[in-house]
Structure formats: structure tokens, C-alpha cells
Amino acid sequence: MDPSKKYFQPSSSFFLVILLSFFNLQGLNLLSLATRSPVVKGNDTDRRALLQFKAKITGDQLNIMESWNSSIHYCQWIGVTCGRKHRRVTKLKLRILKLSGSLSPYIGNLSFLRELDLVGNSFYNQIPQEIGGLRRLEALDLTNNSVSGEIPSNLSACSKLIFVYMSGNQLTGEIPSVLGLLSNLKELGFSRNSLKGNIPSSLGNLSSLEELRLSENALSGIIPEALGQLRNLSLFTVFGNAISGIVPVAMFNLSNIRAFDIGVNKIQGTLHSDLEINMPHVEFFSVVDNQIYGQIPISVSNATNLNVLQFNGNRFNGNVPSLEKLDKLFNLELGENHLGQGREGDLNFLCTLVNNTKLEYLAIGKNKFGGEFPKCISNFSSNLRGLGMGGNNIWGRIPDSIGNFINLEVLSISVNQLSGPIPFNIGRLQKLKEFSALNNSLSGTIPHSIGNLIELTELDLSFNNLQGSIPSGLVNCKNLILMDLSHNNLSGPIPSEILGLSSLSIVLSLSSNSLTGELAVEVEKLKNLGILDVSHNRLSGLLPKNLGSCVSLGKLFLEGNLFEGPIPSSLSSLRGLEALDLSDNNLSGGIPEFLVRFGVLKYLNLSFNNFEGVIPSEAVFKNTSAIFVEGNNKLCGGIPELHLSRCNSKASSKTSIKLKITIIVVISGVTLVFSILLIIWFRKKKEQKPTTTHVENSLLQLSYQSILRATDGFSPQNLVGLGSFGSVYKGILEANGAVIAVKVLNLLNHRASRSFLVECEALKSIRHRNLVKVLTAISGIDYQGNDFKALVYKFMENGSLEDWLHSSVGMNEPETMRNLNFIQRVNVAVDVAHALEYLH
């Protein structure tokens, strides 16, 4: 007992007055001495411990430690609280004061300390073992620092501990099992560290425990059965670990639970539809991203206080039970499972949520839900902020009533079988930030009301059947960072206003449409854009010089258009390009040297253009898997693997006389041989009828008009076959009666032009008995002013090889005439092989 306390025991006032008078007569205030001397000793211990704590502070941005000086009593220092009677330090509370440093072991000398709170600073290094000597400690909170090392096992000696929080640090090692001795513990939190090992089953002995927070560590093993004994537990989270095994059934019967989160682990096992979940007070229930299979238990609907219910990212199957009783639910996530059976009725459970006015987020994407887009969804509360239904088998039209969800921020209906137009009422969703409807069968035009969505940041309507032009009203969407309208049937020019949307920073993709016109100069405003893709359209003209202003571009795709002229030198500014595709255009000129300086360029496709000159051999040009230059006949040089011809150089004046003589001799010899062959050919020619030569020569002068007459206006009666890129007609020329086959290319197919060029290039010099010879090629304009391209072949009177190999019923010839025996079929295969070998 403190000796000073005897002077404060109840006694008569008379005795006290006499005693004081006596001491005063002696000239000494002995009462003062008696009450002060033990306290001074204690004060000095605490003061020195605090100064040692201060000495370990290496960072103090707010100058908190300046108050810790001898000019005032330490009980008045910032963050220090002392007891009223004995003036010893009972609390050290320095929350979120931008302090940094290590924890001094002298903190163990604050023997009267009941609360240590250093939340939200930057303390580092290990927790000193001396902290285990604080036998009066009730609350320890080191949340959100940078403390490392292991949890001191002797913390179990602090038997009065009620609250222990060390979340948000860098702790390693295992959770000491001796913490199960802290019988007074109500809250234990080690979330967001790097703890490993198992959850100690000894924690099941903490009968007073109300909160257990172990999320976001590297814990493994299973959830101990003993935790099912914690009847006072109201919060349990092991989210984001590597815990496996099954959930003990007893955990589902913790009737005081308000938050239950085992998400993002490796938990397995089956949940049965009749599993009893007895958690009447639960508000947050999550098993997200595990490997749990089976059905969603019907009893979950009895948890009428639920606010958040997350079953997403598992292997649940079957039907979703009625959720009618969950009228407080505002977040329901069932995505990424195997729910539904791909048929009508799968979405009936949604109609049980109609009366729920608090529902804000509904995510059921990536399941097997089928049936029409439910009409009852139009009766949902206008409080709905997120609707995710993508990745299912939902069909039907998007209801016009979708415009009633005036608070909707995210609408994802991608990868379904939705058809019909995008409702005009979509323009009423003025809070919409993300609209994704890719990979459906939506048709009609993009409603111009979509320009009312001024908060829109992401718009993805790719892989549909949308037609018409791109609405210029999209210019009002000043917050767009991603827009993908690719793989539709959009036509007309790209609105210059769209290219002027400087907010676009992730993707602008308009590829695989039928867009025409030039790439407007407003493209220079896309300074923050990462990917620009306008490939496979009918864009024409020169590449804009100010394209080089898009300095953030990482990928640029312009292939499959009609661009012409050289690569602008301004593109040298695009130093961050990783991929550049200019193939299948009409570009010309040389390959710019600045491409060699693009250090991160990993893919460069310049094929099928009209480039000429020397191709470099450095940087990306020395990687055959990254560079493509075929279809440019005037290119030379480069690495040997490209198989290009050597570049011509100026003849040296000191060329060897031997070389000159050799060249002359070779040329003379070749000329002599050629002359002999020519004489022999003329002699044979006189003996043969000249009709074939005459016909072939006359074919060189064919025009669109002559082909039109020869095929009787491309009459269906003359149609002999259909191919990937066009139709083949039989024709008879008026001039000489020659029978020909005309392959007319379908230029609406963006690859048809490429096919025309490839066939012209490959077949112009072919001479082989097993290959049909191309007589001529025609490129011009038809009577409607459209491009016209055709190839003229010899007509094969005996039909196609396919007809002989797979004869069909109804042919004019008798069936026996079309049958090939085994030997004949082998000969066909050999001849085809010879032709292929020749082509290669």
C-alpha cells in the first residue's frame, strides 16, 4: 500500500487539526513530505520511460514531441494521461499524428499503463518483448503502422487485455497459441499483415470474444471446430487468406453474429439447400471467391437483417430461393457461379425482390441464367445503383422501363442473347457511369439520347449488329475514358467531335465497321489515350500529321483501310508505342528510321502496302516474330530471315574486270539459249492452231463492260460457285467466243481487296499443269460508281474438283460418270500435292 494513503483514511477532524498544528509548529510540513516522496519516485520512472520513448522518434512532422519537455509536468504532455490519485501514466494515446520511429523497450516501465494507442502512424521495427510486462494493460492498438517481426508470445502475460489490434502492419510468423489464455479478451485484430500458419484452435477458449479479425494474411489450414464455441462472437472475418477445408457447421449457428466473412480463400465443401443458417442478427454474410458448391440454402431468407449477401465466385448451382423476406438487403452478389439452367423461369427470384426499396446493387453475371429479360425488373426501386447481368443466356429486348432507374450508375448486360434496339429511354440515366452491352445481337441505331449521359466514363457496345452513324452527341460525355463500338455495322465518317474527346484515356475502338472518310485532325486532342483502333473500315486519305500529338499511345491499329501516302514523321513522338499495325492499306514511301528508336515496340505490321527502300535491321526489325513486311515488293535488305532481296548499291569504279567478263559471258550464253528456244517455239507454233494464244492475248484488254456482257449481266443462270470473298460466273466473250470463268470480288468484305492483291501477286507468274491459269485481272468502276475487281480464269468444262469428289444428286451427267475409283482418287491427291509443293 502507498504509505501516503494512511493520511487519507477516515478520522476525526480534531485529530487532523491537532496533528497539522504540531507539524507547523516544528516549521516543517511533514504531511507534504509524506505524500510526495513515493510519488516523486514513480514520476521519475514514468518520466524517464517517456523520454526514452521520445528518443526513438525519428520523424515528427507536426512537432508533437516539442511539448514533451521539462517546462511542464509530463502528465500534461500531448497524448499522456495520468491517474488522478497517484499521478502515474495510465494512457499513452498518439493517434494519427504522423510520428515515425521504433518502439522503445522502456515502454515496459510504464507499469500503470492501461491503454496504449499509436494508431495511424509510421512506427516500425519489432514490438519490444518488454510490452509483456504491462500487467495492467487493457487496450493495445497499433493499427496502421509499419511494425514488423512476430507477435510477442509473452503478450499472454497481460491477462487484463480486452482489446488487441495490430491490423495494417508487416507482422510475420504465426499467431501465438498462448493468446488463448487471455480470458478477458473481447476484440482481437491482426488483419492486413503477413501472418502464416494455422488459426490456433486455442482461440476457441476466448469465451468473451466478440470480434475476431484475421483477414488479408497468408493463413492456411482450416477453420478450427473450436471457434463454433464462441457464442458471444458478433464479427468473424478471415477474408483473403489461403484457408481450406470446410466450414464447421457450428459456425452457421453463432446466433450473435452480425458480420461473417470467409471470402477469398480455398474453402471447399457442399452447402445443401436444407442447411440451417441460424444467424438472425447477421447483416453481412460473404463466402465470395471460394470453391463451395451445392445449392444456396433456403434458410438464408430467414436472415431478415441482411444488408449484404455475397455468394459470388463459387460453384453454386440450381435455382436461387425466394428472397422476399430480405427487405433490408441493399447488396446482392451471386455472380460467377453455375446458377440457373438456361431456361425460362431461372430469373423468377428477381421478382421476389421487387418490394425491396433498399436494394442498390444487384450482380448475377457469369451464370447459366436463361429466359427473357424479366419484366418485373421494371418495378425495382429507383434506388438501384448497380445492375450486373452479363455472361448469361438471357434473351429478349431491353425493356424501355430501364429508364426508370434514374440513380443507376453501372449497367452491365454483356455476353447474352439480347436483341432489338437500345431503348431511347437510356438517356434518362443521367447518373450512369458504365454501360456495357457487348457481345449481344442488338440492332438499330445508337440512340442519340445517349449523349445525355454526361457522367458516363465507359461505353462498350462492341460485337452487336448496330447500324447507322456514330451519334455526334457523344461529345457531351466529357468524362468518357473508354469507348468501344467495334464489330458492328456502323457507317459514315467518324465524327470529329468524338476524336476531340480529350477525356478518352484507355481505349477508343471503332474497328470492324464500315466507316468512311478521313481521320480528322481533331485526333490530336487524344493526348491521354492508350489504345486507338480504327482498323478494318473504309477510311481513306493521308494519315494526319498531328497523330503524333497522341503521345500516350501504347497501341495504334490502322490496318485494313484505304490510307495512302507516307508514314508521317510526327509519329516519331509516339515513343511509348508497344504495337503498331498499318497493314492492308495503300501506304507508300520508305520505312522511317525513327521506328528503330522505339524501345518498347514489340509488334510492327507493315505488310501489304507499297513501301519501298531499305528496311532496318536493328531493334524491333531484328525480331522475326514481331515484324511483318510481306506484300511490299519494293522493300529490300533487313535480316536474312525476312528473305528480302539485297538492296542495289552504286557500282564501284574499281569493279573487277573478271566480274564484267563473267557477266558478259553469262548474258551471251543466256541470249543464245533463249534464241534457240524461241526458234523451236515458232516452228511448233506454225504447226498448231493459234486460237488459244489469240484468245489469251485478247483477254488482256477486257473491261467491266465486256465482262458484264459476257456473263449476261452476271445472270444467276451463269453463277457457277460462291467463295469466301466473291462469286464465280461463266462467261462467253463476244469478240472471239472464248469461254471464261470470272471471279467477282465482294468488296464489302474488308479482306476481299487483300485477297485480290494476294491472288494477283501469287498467280501472275504461276505455270503448272495442275493449277488453273489466271488470264487477266480487272480493276475499275461499275455503273453505280462502286469499286469493281475481278479475276478471269480459263473455264474448266468438266466442272470443279469438289463436284467430282462429292457428286450431288441432280447433275446432268449420269452418276456413274462422276464416280472416281480408288486409283483415280489417289492420282488426284498426288496432283494436288504437286501443285501445293510448287506453290510453296
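In this predicted model, Cys351 and Cys376 are joined by a disulfide, with an S to S distance of 2.1 Å. Cys351 sits in helix H3 (residues 348-351), while Cys376 belongs to the loop between strand E24 (361-363) and strand E25 (386-388), so the bond ties together parts that are 25 residues apart in sequence.

How many disulfides does the structure hold? There are three. Another of them connects Cys636 with Cys647, their sulfur atoms being 2.1 Å apart. Here the angle about the S-S bond is 105°, and the link of Cys636 and Cys647 is right-handed. Its ends come from distant parts of the chain, 11 residues apart: Cys636 is in strand E45 (residues 634-637), and Cys647 is in the loop between E45 and helix H5 (657-687). Cys636 has 12% relative accessibility, so it counts as buried; Cys647, with a relative accessible area of 28%, is partly exposed.

Next comes the bond between Cys75 and Cys82, with an S to S distance of 2.0 Å. At -95° about the S-S bond, the link of Cys75 and Cys82 is left-handed. Is this pair buried or exposed? Cys75 and Cys82 are both buried. If you number the bonded cysteines of the protein chain in sequence order, the pairing reads 1-2, 3-4, 5-6.

Cys158 has a relative accessible area of 0%, so it is buried, and Cys550 counts as buried because its relative accessibility is 1%.

Now turn to a serine. Ser202 is located in the loop between strand E12 (196-197) and strand E13 (211-213). Although it is in a loop, Ser202 counts as buried, because its relative accessibility is 16%. What does its side chain reach? It reaches the backbone oxygen of Ser177, at 2.7 Å. Leaving aside residues up to four places away in sequence, Ser202 touches Ser177 and Gly180.

The last stop is a residue with an annotation. An unreviewed UniProt entry lists Lys743 under "binding site". In the model, Lys743 is part of strand E48 (residues 739-745). With 17% relative accessibility, Lys743 counts as buried.

Technical notes. Residues numbered from 1 in each chain as written. Predicted model: local features only at pLDDT ≥ 70, side-chain atom pairs only at ≥ 80, totals over all residues. Heavy atoms only, no water. UniProt positions renumbered as here; feature names shortened; annotations may be inferred. Helix = DSSP H or I, 4+ residues; strand = E, 2+ residues; numbered from the N terminus. Buried < 20%, exposed > 50% of the residue type's maximum accessible area, 1.4 Å probe, protein only. Polar contact = N/O pair within 3.5 Å; in protein donor to acceptor, adjacent residues only side chain to side chain. Contact = heavy atoms within 4.5 Å. Disulfide = S-S within 2.5 Å.
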